[in-house]
2 protein chains.
Amino acid sequence: MNAAQERFAALRLARSRGIGPVTYRQLVRKFGSAEAAIAELPQFLAAKKAQGRITIAPEAEIEAELSAIDRKGATLLVQGDEAYPELLAAIADPPPVLTVIGDTALLGRAGVAIVGARNASAAGRRMAADLAGDLGDFGWVITSGLARGIDGAAHEASLSTGTIAVLAGGVDSIYPPEHAELYHAIVAQGAVVSEMRMGQTATARDFPKRNRIVSGLTRGVVVVEAAERSGTLITARLSLEQGRDVCAVPGSPLDPRSAGTNRLIRQGAVLVRHADDVMTALGDMEKAPPAPFFQFEEDDPAPLPEEAQSRLKDEIISLLSLTPIHRDELLRLSSASPAQLADILLDLVLSGTADEGSGGMFTLSASA
Amino acid sequence: MNAAQERFAALRLARSRGIGPVTYRQLVRKFGSAEAAIAELPQFLAAKKAQGRITIAPEAEIEAELSAIDRKGATLLVQGDEAYPELLAAIADPPPVLTVIGDTALLGRAGVAIVGARNASAAGRRMAADLAGDLGDFGWVITSGLARGIDGAAHEASLSTGTIAVLAGGVDSIYPPEHAELYHAIVAQGAVVSEMRMGQTATARDFPKRNRIVSGLTRGVVVVEAAERSGTLITARLSLEQGRDVCAVPGSPLDPRSAGTNRLIRQGAVLVRHADDVMTALGDMEKAPPAPFFQFEEDDPAPLPEEAQSRLKDEIISLLSLTPIHRDELLRLSSASPAQLADILLDLVLSGTADEGSGGMFTLSASA
């Protein structure tokens, strides 16, 4: 297998319509490589009478993307690359590919995410800057989402020690516009990362997907100010699902910007007052990454008899609806083992019965 | 035994020099009644060659105190009285006597303490008032210490629903002076309580002693703003030792008035955002009071052989110094059982070897 060809195929498979990170991983596993998956998928889909749900990206599109990456001086990381961050690879739905502008080596260093409210208070921004500065001085890379408020303060305070901005759009798509200067400073001193195509503008549903990378790159997330039902709390939830630690800075119950962090603390997040508390909570950053709740990599179970397999498939279908349900939830609600569930979900996605949404969520296809 | 005589003797024993709450309770237990203790103590002390360390209060002094209580329309409660609050009786060092002005019945009702910083912020005072008002409306009595800041806000907001102020000086000694109006409002609508003599002015060391009554009267303590190393944190510690719940209101780590509450939450106190959180934490207020860590009331152990008793006594003496040590600490560090330790401590106090300080603390006598 030619390495350049396999990388080309990996990017092509990743950019194919209807293939999310979970399905991507299952396909590479099932067919042995991305190249083999690309080669055998059309025949496989035809046999399932499921053409049309999955469309392999045209080669020209992939060539154009690789040129754009080149022109920008960016780096493409593919799952399985040595430089692909180990912690991120350990989550249940790692991005098939990452595009990085800046210092790629930062992605391999121990770090922590600092995230929080866009409409942060002055005190909140100062807390974020203090934490990012002190943890940066301690040698930890600070990861965040380049958003207004807490994110921006965390990046600024860790520019000189190491900071990673994960974007919801393409790695060259600067958002929010008022952070253009900060973006360029991070490109020069840190790293900007995205799983999206170069040039792609983020839509609302891309932000939660992005948040799983923010937490996935780190050993833990520190939440500084977050309102109830905010995107920041989604990052915290994803972090827990990934087996990473969640820390939160408390605040007055009279300030709605503390409602989310106070709730997190009540639910078991570590109350953080200063960098020392974060260091105590996350402990030895060099230890092995924690195992995610859901692991596809376990050994294949003995194949089920056809009737049992069919019953299990019907059981999973009956749990699916147009409302997205998380794969972990399907695992809890069904009698399938993780490997059996992964197998059935792949089959359902390839046959057009189910769709993989973002963040490991699955829905029944509207046409199914 | 004449009830009036026994109450007179109880007050006299309580007011005797060298007899703290722990020693008081042991003496009544050892001799069967306060009257018997007063009668037999001189001979007992003479036999121990320990006269001078303990001085029985003169009868005239007790008569004067009872007259003052009468003139003030106050009520004297003695340990063992039906009206003596059950929760307070359950702590390890309950006050031998209490003087109450106002509605004595409030002491028997379910309640919670709300305490905090004297130099409270406006937000902290509002939190205290909101909590006291809502918990008061729910039917809970609010107990506090009449101090400036949080205490005052809690009392004011619960005047109409039931509030108890525990004073560090005598029940008629108004402190701080700027709370004179609030004091009189509590006398009219709530209850003012003290274990001290009428007319006595509080000294610094009386405040921690007072704080054990604030928490002892309640099922739990809610701390609203507290600096590090503050008296409020002593109340929280005492509350835990008494087996009562501790709740704390979080705040920004940048505000030193939140340092104490944030630390309490890190140590396991319940993070409280509003009255509902307190109700959830303290649960059913009608359930039996929790057991304190240290119980004197357990059955007497079989008496030790003289040599073993003497060795145990030497062991306790070697643990004592001029630095006060808590009785619970002595229990942990020595090989004595609770009843054995209680017995030896009584013996050491009566013989002038040890002194009982405030809050269950013991020291080696300076002259020993």
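Colleague: How many residues does the contact take from chain B and from chain A?

Modeller: In this predicted model, chain B gives 20 residues to the contact and chain A gives 19 residues. A residue is included because its heavy atoms lie within 4.5 Å of the other chain.

Colleague: What area do chain B and chain A bury between them, and which three residues supply more of the share of chain B than any other three?

Modeller: The two chains bury about 1600 Å² between them, and 67% of it is on carbon and sulfur atoms. On the side of chain B, 40% of the area buried against chain A comes from B:Leu254, B:Arg266 and B:Arg273, more than from any other three residues.

Colleague: Why is the pair A:Arg266 and B:Asp277 called a salt bridge?

Modeller: The closest N and O atoms of A:Arg266 and B:Asp277 are 3.4 Å apart. The rule asks for a side-chain nitrogen of Lys or Arg within 4 Å of a carboxyl oxygen of Asp or Glu, so the pair qualifies. The count between chain B and chain A is two salt bridges. Four residue pairs are in polar contact across the interface, both residues being at pLDDT 80 or more.

Colleague: How do you know which axis relates chain B to chain A?

Modeller: Chain B is superposed on chain A by a rotation of 179 degrees with 0.1 Å of shift along the axis, at an RMSD of 0.1 Å. This is therefore the relation of a two-fold axis. The same surface serves both copies, since 95% of the contact residues of chain B recur in chain A. Among the residues of chain B, B:Gly251 comes closest to the rotation axis, its C-alpha being at 2.0 Å.

Colleague: What makes E1 and E9 the edge strands of the sheet in chain B?

Modeller: The sheet of chain B is open, with nine strands in the order E1-E2-E6-E5-E4-E3-E7-E8-E9 and mixed pairing. Strand E1 (75-78) and E9 each pair on one side only.

Colleague: Why do strands E4 and E5 of chain B count as paired?

Modeller: Three bridges join strand E4 (residues 141-144) to strand E5 (residues 163-166) of chain B, and the two run parallel. At least two bridges are required, so E4 and E5 pair. B:Ser144 stands opposite B:Ala165 in E5 of chain B.

Terms used:
Residues numbered from 1 in each chain as written. Chains lettered and ligands numbered in written order. Predicted model: local features only at pLDDT ≥ 70, side-chain atom pairs only at ≥ 80, totals over all residues. Heavy atoms only, no water. Buried area = accessible area lost by both parts, 1.4 Å probe. Polar contact = N/O pair within 3.5 Å; in protein donor to acceptor, adjacent residues only side chain to side chain. Helix = DSSP H or I, 4+ residues; strand = E, 2+ residues; numbered from the N terminus. Least-squares fit on C-alpha atoms with pLDDT ≥ 70 in both.
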